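Could you walk me through this protein model in plain terms?

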Amino acid sequence: MNHRIELTQASIPSTVQISAINENGETVPVDISGEHPLTLYVDKRELLTLMTLGAQPEALVLGWLRNQRLVNSVDDIAAIQVDWETHSVAVTSRQLKDTGVPLWDNPAHERKLEKKTTTSGCGQGTVFGDLMADLDNIQLSQAHQLSQEVLYTVMDRVRKHESIYKQAGAVHGCALCSNAGDNRGDILLFVEDVGRHNAVDAIAGLMWLHGMQGDDKIFYTTGRLTSEMVIKCAQMGIPFLVSRSGLTQMGHEIATKLGITMIGRCQGKHYLLYTGANRFITLQSSQFA
């Protein structure tokens with residue numbers, strides 16, 4: 001793990017217990033998902049408030065900054081400090097620490113902040129800057145293929161994974177899975193949060209902290225395959241995107257443009273291969289290879 005960032009370890013319980021009345025009129029204890037506001041400050045400038053379970057707030061913030069292209073490297077960050085008493089997180093850039101000049105003291109960052117789009121993600125995700133303009137600069141690796149057998153392994157592993165959803169519901173989950181070596185289909189990282197964009201951002205942050213590359217990975221999400229999800233997956237360098245849900249028109253268009261192998265409606269042995277069929281190996285085709 002990268003230890004150059006000063007990080008709090010401010011994880012809080014992902015569920016709380018309340019009382020509810022069931023169909024028999026009985027009062028029973030029920031676990032429900034937490035939802036907490038976390039206001040993000042970067043070099044003392046307020047950017048936005050995220051709604052989160054609070055399970056991995058530092059990774060969430062780092063991944064959000066990465067996926068919004070507001071920082072170029074994990075080395076740009078000196079500290080991430082979460083304070084649940086004030087429901088805030090203070091990010092200090094390496095630039096501010098070394099020179100006293102805040103990260104935002106340049107026209108390029110100001111232009112990104114001026115272009116803010118509220119996305120369709122649960123919890124109202126926000127995208128800064130013109131991400132669409134940079135799609136031509138994304139080049140995904142062509143070194144790996146995804147087999148139908150590994151896809152089924154991923155689906156089975158995610159289904160069996162212990163999760164907050166099974167306990168309390170009301171969350172989205174994302175998993176980073178291996179597509180190389182003897183552990184193809186194994187879950188490497190698994191994150192749940194109140195919105196799918198939060199879960200993908202947290203995985204992006206953990207990938208940076210652990211120095212993990214995306215070219216030999218599979219990204220699984222329980223949420224819809226929207227333009228935001230496709231772009232974030234591509235920015236992490238992951239060529240395979242899988243979901244148990246469906247997709248949007250723009251998600252399909254961007255995945256086609258970037259050459260992502262995108263698969264949705266994954267339930268049991270059923271799936272729909274939407275894009276990137278050239279890198280997908282079916283069980284039938286592998287038998288005759």
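This is a predicted model: local features need pLDDT of at least 70, side-chain atom pairs count only at pLDDT 80 or more; totals for chains, interfaces and linings use all residues.

Here is a short tour, starting with confidence and moving on to helices and holes.

Residues are numbered from 1 along each chain as its sequence is written, and side-chain values use heavy atoms, with hydrogens and water left out.

The score to know is pLDDT, the predictor's confidence in each residue, from 0 to 100. The chain averages 86, and 86% of the residues score at least 70. Among the elements, strand β6 (residues 77-83) has the highest mean pLDDT, 97, while strand β8 (residues 116-118) has the lowest, 50. Go carefully around residues 117-124: pLDDT stays under 50 there. (Helices, H or I with at least four residues, and strands, E with at least two, are DSSP runs numbered from the N terminus.)

## How the helices pack

Two packed helices are described by the angle between their axes and the distance between the axes. Here axes are lines fitted to C-alpha atoms, for helices over the stretch in contact, and angles run from 0 to 180 degrees between N-to-C directions. Under 35 degrees counts as roughly parallel, over 145 as roughly antiparallel, 65 to 115 as roughly perpendicular and the rest as oblique.

Take α1 (residues 57-67) and α6 (residues 196-210): their axes come within 6 Å and cross at roughly 95 degrees. The two helices are therefore roughly perpendicular to each other. Contact means heavy atoms within 4.5 Å, and the residues that meet include L60 and W64 in α1 and A202 and W208 in α6. By class, that contact has 11 nonpolar, 4 polar and 2 charged residues. (Ala, Val, Leu, Ile, Met, Phe, Trp, Tyr, Cys and Pro count as nonpolar, Asp, Glu, Lys and Arg as charged, and the others, Gly among them, as polar.)

Helices α7 (residues 227-235) and α8 (residues 249-258) have axes that come within 7 Å and cross at roughly 25 degrees, which makes α7 roughly parallel to α8. S227, V230, I231 and A234 of α7 touch M250, G251, I254, A255 and L258 of α8. This contact has 7 nonpolar, 2 polar and no charged residues.

The axes of α6 and α7 come within 11 Å and cross at roughly 0 degrees, so α6 is roughly parallel to α7. Here R196, H197, V200 and D201 in α6 meet E228, M229 and K232 in α7, and the classes are 2 nonpolar, 1 polar and 4 charged.

On a 1 Å grid over the protein atoms alone, a cavity is a set of points where a 1.4 Å probe fits but cannot get out, and a pocket is an open set with protein on both sides within 12 Å along at least five of seven lines; lining residues have an atom within 4 Å of a point. Grid points are joined across faces, edges and corners, and a volume is the space filled by probe spheres set on the points.

The largest pocket has a volume of about 380 Å³. Of the 21 residues lining this pocket, M155, V158, R159, Y220 and R244 are the closest to its centre. Helix α4 gives the most to the lining, with 5 residues. The structure also holds 1 cavity of 30 Å³ or more. The largest cavity has a volume of about 50 Å³, and β12 supplies the largest share of its lining, 3 residues.
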